[in-house]
Every structure is written in C-alpha cells, then in structure tokens.
Amino acid sequence: MSHIEIDEQRCKACYLCIDECPKKLIKVGEKVNKLGAKPVEFCDPKGECLGCAMCATRCPDMAITKVFRG
Amino acid sequence: MATQVFKVPDSIIKDMTYGFCPGCDHGVAIRLVAECLDELGLKENAITATSIGCSVCLYDYLDVDSVEAPHGRALAEATGIKRARPDKFVFTYQGDGDFASIGLGESTHAALRGENITAICINNTTYGMTGGQLGPTTLLGQVTTTSPTGRNVEYYGYPIRIAEHIALCEGTAYSARVSLDSVANIRKAKQAIKKAFEYQLKGLGFSFVEILSTCPTNWHMTPQKAHDRVRDDMMKVFVPGVYKDVLQKV
C-alpha cells in the first residue's frame with residue numbers, strides 16, 4: 001500500500017506539501033516539535049495515497065523521508 | 001509489496017536539519033545536487049568549494065569533501081583544486097550575490113578559461129543571509145532594505161542575466177537556467193544539474209546551472225506566495241532554458 005513517512009523533527013511548517021498532494025492527505029498536526037513548529041501529519045484512512053512523491057519532491061527540508069508505492 | 005520511490009540521498013549527512021528558513025528552496029537544490037552525486041557515484045570522489053551567503057554551510061549538509069572559499073572566490077579556488085587533482089570531481093555551490101556580484105570576475109574568467117568544473121548558482125534576487133539587500137539580480141521595482149522605493153534603472157541599473165552571460169563565454173560547455181517553482185520544474189532542474197555534472201565527467205569544459213529560488217523571509221511572503229512570485233515575476237525576466245550546450249548546438 002502506498003504511503004509516506006514523515007520525520008516530525010525536521011518539519012519547519014512551511015506547509016508546501018499540503019498544497020502539492022493531489023489527494024489532500026497531508027494535514028497540520030497538533031503536536032509541536034523541537035523547532036517550535038507544528039509538523040504535518042499523513043492521514044490516509046481510505047488508502048488513497050498514490051505514491052507519486054510530489055510531497056517529498058517539494059519538501060525543502062526532507063521531512064518526508066520515505067515514499068513507498070504499490 | 002510496496003517499492004520505495006523516494007529516500008533521503010546517501011550524499012546528505014545523516015540526521016542533520018537544514019539551517020534555512022521555512023520554505024527556502026536551498027533545501028531542494030542541495031537535495032537535487034546530492035541525488036545527482038548519488039546517481040553518478042561521485043560521493044567519494046567529489047570536492048566542493050562553497051561560498052559565502054546562505055550556501056555557506058554546505059559542508060554541514062553534504063557528505064563530500066569541501067573547502068570554504070573567500071566571498072566570491074569559489075571558482076578561483078575550484079580552479080586550483082581541479083588543476084592540482086584533475087582526477088577529482090570539482091563543483092561549486094554559490095548564491096547570486098557571490099557568483100555574479102563580488103565574484104563576477106572569478107566566475108566569468110573560470111568560464112572563459114574553460115575550466116573543467118561545474119558551478120551551481122542559486123538566484124533568489126536578494127542577499128538573503130545579510131538581511132535582504134539589493135543584489136545584482138534584484139528585479140526592477142523590487143523593494144529591498146537598500147532600495148526602499150524599489151529598484152530603478154537610473155540609480156541601480158539593470159539586473160544581470162547570469163545564464164546568458166556565462167553562455168557567451170567561449171569556454172562554456174553547458175549553461176542552463178532552471179526553476180524550483182513547481183514539482184515538474186524541480187524534476188527538470190535535476191536533469192539539468194545531472195547533465196552539467198556529466199559534461200564535467202566527459203571533460204567538455206565549464207558547466208553552469210542557474211537555479212531560480214525563493215527567499216520567503218526577505219521577500220516578506222509565505223512560501224506559497226514566494227513560489228507564485230518566481231512563476232509570475234522572475235521567470236518572465238529570467239527565462240528558464242538551455243543557453244549553451246556544446247553537444248546540442250543550442
């Protein structure tokens with residue numbers, strides 16, 4: 001099943017990935033990380049992720065560390 | 001069975017966090033350089049000359065040997081490294097203020113001599129690290145801390161188009177301008193960087209890639225709006241494209 005892995009401690013809350021995801025599966029989380037930012041969370045209860053890696057390509061801080069497709 | 005289609009490149013130092021502002025495209029550019037180093041197997045053989053500016057901490061991010069150059073002199077230093085060790089892969093990673101303002105002489109003459117090295121230049125139309133002053137690539141009308149009424153021709157002159165300038169030099173093998181405003185353009189940017197690296201490996205001469213980037217902090221914009229500005233304003237003045245390619249005769 002396609003999915004992504006997010007390193008919460010690297011996210012600087014620029015939220016560019018939220019606009020990039022074609023299925024809108026990335027949301028702002030509630031937690032605060034060591035940088036003082038609210039990192040994004042991956043929410044895909046229906047298994048809609050395409051594994052297109054557009055979020056990871058856009059992320060300037062490599063907070064989306066892994067993308068799996070298939 | 002899911003296959004992994006994206007990972008953090010091996011040429012990036014493990015468990016580091018960039019010191020850049022949120023939404024800064026320096027992070028994307030460094031990742032693309034690291035991916036190209038991985039794919040061409042250059043990590044163990046590469047030496048980089050880093051510059052002054054936001055790109056100064058490259059050695060904290062890229063797991064390759066690096067030498068810090070005085071402001072603007074990265075290509076002069078890279079020339080020395082390459083001439084002493086022609087077997088090594090040598091590249092520089094510079095900002096537009098470093099490459100095209102204080103280092104314009106070094107940059108132009110490295111291209112004119114046809115040094116077999118690669119230069120990557122990040123163009124964000126301002127001096128990011130020192131607080132957003134007017135740089136050589138600042139667009140006409142752009143407000144900066146040292147042009148509070150906007151850049152005008154009478155007082156400040158015109159911005160420099162670096163990729164075209166380097167393309168005019170006889171020793172240049174490859175000169176291209178790419179943008180990081182969208183995912184499609186990020187993928188094109190990676191192809192351009194890879195091609196520039198390959199031209200050095202083939203020994204064709206000086207290869208250069210100018211990357212249009214954002215500076216949300218000094219532009220006083222959100223990261224999303226900064227990318228809109230790159231697309232709407234910057235790409236009309238600094239048109240992406242290949243300006244010289246000795247193998248394609250552009």
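**Ground rules.** Helices (H or I, at least four residues) and strands (E, at least two) are DSSP runs, numbered from the N terminus. I'm working on a predicted model, so to speak: local features need pLDDT of at least 70, side-chain atom pairs count only at pLDDT 80 or more, and totals for chains, interfaces and linings use all residues. Residues are numbered from 1 along each chain as its sequence is written, while chains are lettered from A and ligands numbered from 1 in the order in which they are written.

**Entry 1: B:Gly114.** I looked up where B:Gly114 sits, and found it in the loop between α5 (104-112) and β5 of chain B. Buried or exposed? I take a residue as buried if 20 or more other C-beta atoms lie within 10 Å of its own, exposed if 12 or fewer, and partly exposed in between, with C-beta atoms placed from the backbone. B:Gly114 has 15 C-beta neighbours inside 10 Å, so I put it down as partly exposed. For contacts I use C-beta atoms, placed from the backbone, that lie within 7 Å. Not counting residues up to four places away in sequence, B:Gly114 touches B:Gly171, B:Gly205 and B:Phe206. I also checked B:Met235, 121 residues apart from B:Gly114 along the chain; their C-alpha atoms are separated by 28 Å.

**Entry 2: chain B as a whole.** I get ten helices and eight strands in chain B. Its radius of gyration is 17 Å, close to the 18 Å that the globule rule gives for 250 residues, so chain B is as compact as a globular protein of that length. (The radius is taken over C-alpha atoms, and the rule is 2.2 Å times the number of residues to the power 0.38.) Buried residues make up 53% of the 250 residues.

**Entry 3: the sheet.** I traced an open sheet of seven strands in chain B, in the order β3-β2-β4-β5-β7-β6-β8, with mixed pairing. Two strands pair if DSSP finds at least two bridges between them. The edges are β3 (65-68) and β8 (241-245) of chain B, each pairing on one side only. From one strand to the next the twist averages 15°. Strand β6 (residues 172-179) of chain B runs antiparallel to β8(B), joined by four bridges; in β8(B), B:Asp245 is the bridge partner of B:Tyr174. Helix α8 (residues 183-201) of chain B packs on the sheet, touching β4, β5, β6 and β7 of chain B, and its direction makes about 165° with that of β6(B). My angles run from 0 to 180 degrees between N-to-C directions, with axes fitted to C-alpha atoms, for helices over the stretch in contact.

**Entry 4: the core.** Which residues have the most contacts inside the largest nonpolar core? They are B:Val33, B:Ile193 and B:Ile211, in a core of 88 residues. α1(B) gives the most to this core, with eight residues. (Such a core is a set of buried Ala, Val, Leu, Ile, Met, Phe, Trp, Tyr and Cys residues joined through C-beta atoms within 7 Å.) Leaving aside neighbours within four places in sequence, B:Val33 is in contact with B:Tyr93, B:Ile120 and B:Ile193. B:Tyr93 lies in strand β4 of chain B and counts as buried, with 27 C-beta neighbours inside 10 Å.

**Entry 5: chain A against chain B.** The contact takes 24 residues from chain A and 22 residues from chain B. On the side of chain A that touches chain B, β4(A) has the largest share, five residues. Four bridges join β4(A) to strand β1 (residues 3-7) of chain B, and the two run antiparallel. In β1(B), I found B:Thr3 as the bridge partner of A:Arg69.

Note on methods. Contact = placed C-beta atoms within 7 Å.
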